[in-house]
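Trainee: Could we go through this model together, one question at a time? I'd like to begin with how the strands pair.

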Amino acid sequence: MRRVLLSTSTNGRVKHLVTTMPVSRGVVARYVAGESADDAVRVTRELRDDALLASLDHLGEDTLDLGQAEATTKAYLTLLDRLSESGLSGGAEVSLKLSAVGQALRPDGGRVALDNATRVCEAAKASGTTVTLDMEDHTTTDATLETLAELRRSHPETGAVLQAYLRRTEQDCRDLATEGSRVRLCKGAYKEPESVAFGSKRDVDLSYVRCLKILMAGDGYPMVATHDPRLVEIAGVLAARAGRAQGTYEYQMLYGIRPDEQRRLVASGEKVRVYVPYGGDWYGYLMRRLAERPANVAFFLRSLASKG
Ligand code: FDA
């Protein structure tokens, strides 16, 4: 099921079918703040009222032309302005996919993405906040880490994402567990071949624990991005074992997933950040979330059948 849905996430005909059905909006609303910067600001404020931090993601990936890369970059600049005006930038950073700002463009996508990401980092700094670079499929890992290293020369606060399902990630954790380095560790959400990624949930979970041990014991700032109850518990144990006080690491979860657990962690004194996607291009994001939970697929299909 997971593989089928992840393939579906890049299928143009299925995308057309789903995105032209108004019924899918109900399912989308569970995971996506809305289409506009206003929606993103509104949700950030609601989270703030519950002592939750936010990382905002303007939805869109696999940008095919310069115009689209520019529009996405401007959407981030506008959002950062709005957060600043609303007094919310202290508790809200942004998450950026390099593919959305031009990474895949030929012939010099790497340069385009770096230039655009630099503009977003500058705007974030001016607003008093930070950027974290999302990680996409494994063919982009090296390029994304190279761009990160470039960005960190002038913006050392820029965060990275590492995916525990990749066999290489333990070494990447060692490389990035350094002073001032913010690293979000997640399991990984893309369809990857066995040659580069662990195939079973058990192996991914074990890798997650090994990676987290490295990050918690290191000098950086670990961001524990998972909804998995066992891993959340293990993260607490590893933090204590490494002598870390609450606030020297944080938990991160996706908007709409385990909101009660987000609030429980805050109540226990932990720092918790919610990843909030917004924007019109929600299809690929939605398909990855459905792929993670069969129950969501049943809910989604039922709503299509009853109203479609
Ligand atoms: P897992 O999928 O095993 O789920 C554990 C439990 O969480 C489930 O049993 C269920 O209770 C609950 N749950 C999980 N997904 C759910 C859903 N969709 N609906 C309802 N309940 C659900 N990936 C990536 O490749 N690059 C990236 O940059 C990021 N960025 C990122 C940021 C943040 C803040 C988070 C939390 C996650 C990401 N991810 C990501 C996604 C990540 O790789 C992964 O796909 C999801 O977090 C799901 O994995 P879990 O660790 O939650 O475990």
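Trainee: Which residue in S8 is the bridge partner of Ser-55?

Mentor: This is a predicted model, where local features need pLDDT of at least 70, side-chain atom pairs count only at pLDDT 80 or more, and totals for chains, interfaces and linings use all residues. Residues are numbered from 1 along each chain as its sequence is written, and side-chain values use heavy atoms, leaving out hydrogens and water. Strand S1, residues 53–58, pairs with S8 in the parallel sense over six bridges (strands are DSSP E runs of at least two residues, helices H or I runs of at least four, numbered from the N terminus; pairing takes at least two DSSP bridges). Across from Ser-55, the partner in S8 is Tyr-275.

Trainee: What handedness does the β-α-β unit of S7, H11 and S8 have?

Mentor: Helix H11 covers residues 259–267 and makes up the unit together with S7 and S8. Point the strands away from you: if the path from the first strand over the helix to the second runs clockwise, the crossover is right-handed. By that test the unit formed by S7, H11 and S8 is right-handed.

Trainee: Are the residues of S8 buried or exposed?

Mentor: Val-272, Val-274, Val-276 and Tyr-278 point one way from S8, while Arg-273, Tyr-275 and Pro-277 point the other way. Buried means under 20% relative accessible area, exposed over 50%, and partly exposed in between, with a 1.4 Å probe and protein chains only. On both sides, seven of the seven residues in strand S8 (272–278) are buried.

Trainee: How far apart are the closest N and O atoms of Arg-119 and Glu-70?

Mentor: Arg-119 sits in helix H6 and Glu-70 in helix H5 (residues 66–85), so their contact ties together parts that are 49 residues apart in sequence. Arg-119 is partly exposed at 28% relative accessibility, and Glu-70 is partly exposed too, at 26%. They form a salt bridge (a side-chain nitrogen of Lys or Arg within 4 Å of a carboxyl oxygen of Asp or Glu), and the closest N and O atoms are separated by 2.9 Å.

Trainee: Are Lys-97 and Asp-57 buried or exposed?

Mentor: Their side chains meet in a salt bridge of 3.9 Å, N to O. The two lie 40 residues apart, with Lys-97 in the loop between strand S2 (92–96) and helix H6 (109–127) and Asp-57 in strand S1. Lys-97 and Asp-57 are both buried.

Trainee: How much of the ligand's area does the protein bury?

Mentor: There are 26 residues around the ligand (one heavy atom within 4 Å), with Lys-187, Gly-188, Thr-226, His-227 and Glu-292 coming nearest. Polar contacts, pairs of N or O atoms within 3.5 Å, include a side-chain N or O atom of Gln-163 at 2.9 Å from a ligand oxygen, a polar side-chain atom of Arg-184 at 3.3 Å from a ligand nitrogen and a backbone N or O atom of Gly-188 at 2.6 Å from a ligand oxygen. Taken alone, the ligand exposes 930 Å² (Shrake-Rupley method, 1.4 Å probe). Of that area, the protein buries 88%.

Note on methods:
A polar contact is a pair of N or O atoms within 3.5 Å; within protein, one must be able to donate a hydrogen and the other to accept it, and residues adjacent in sequence count only if both atoms are side-chain atoms.
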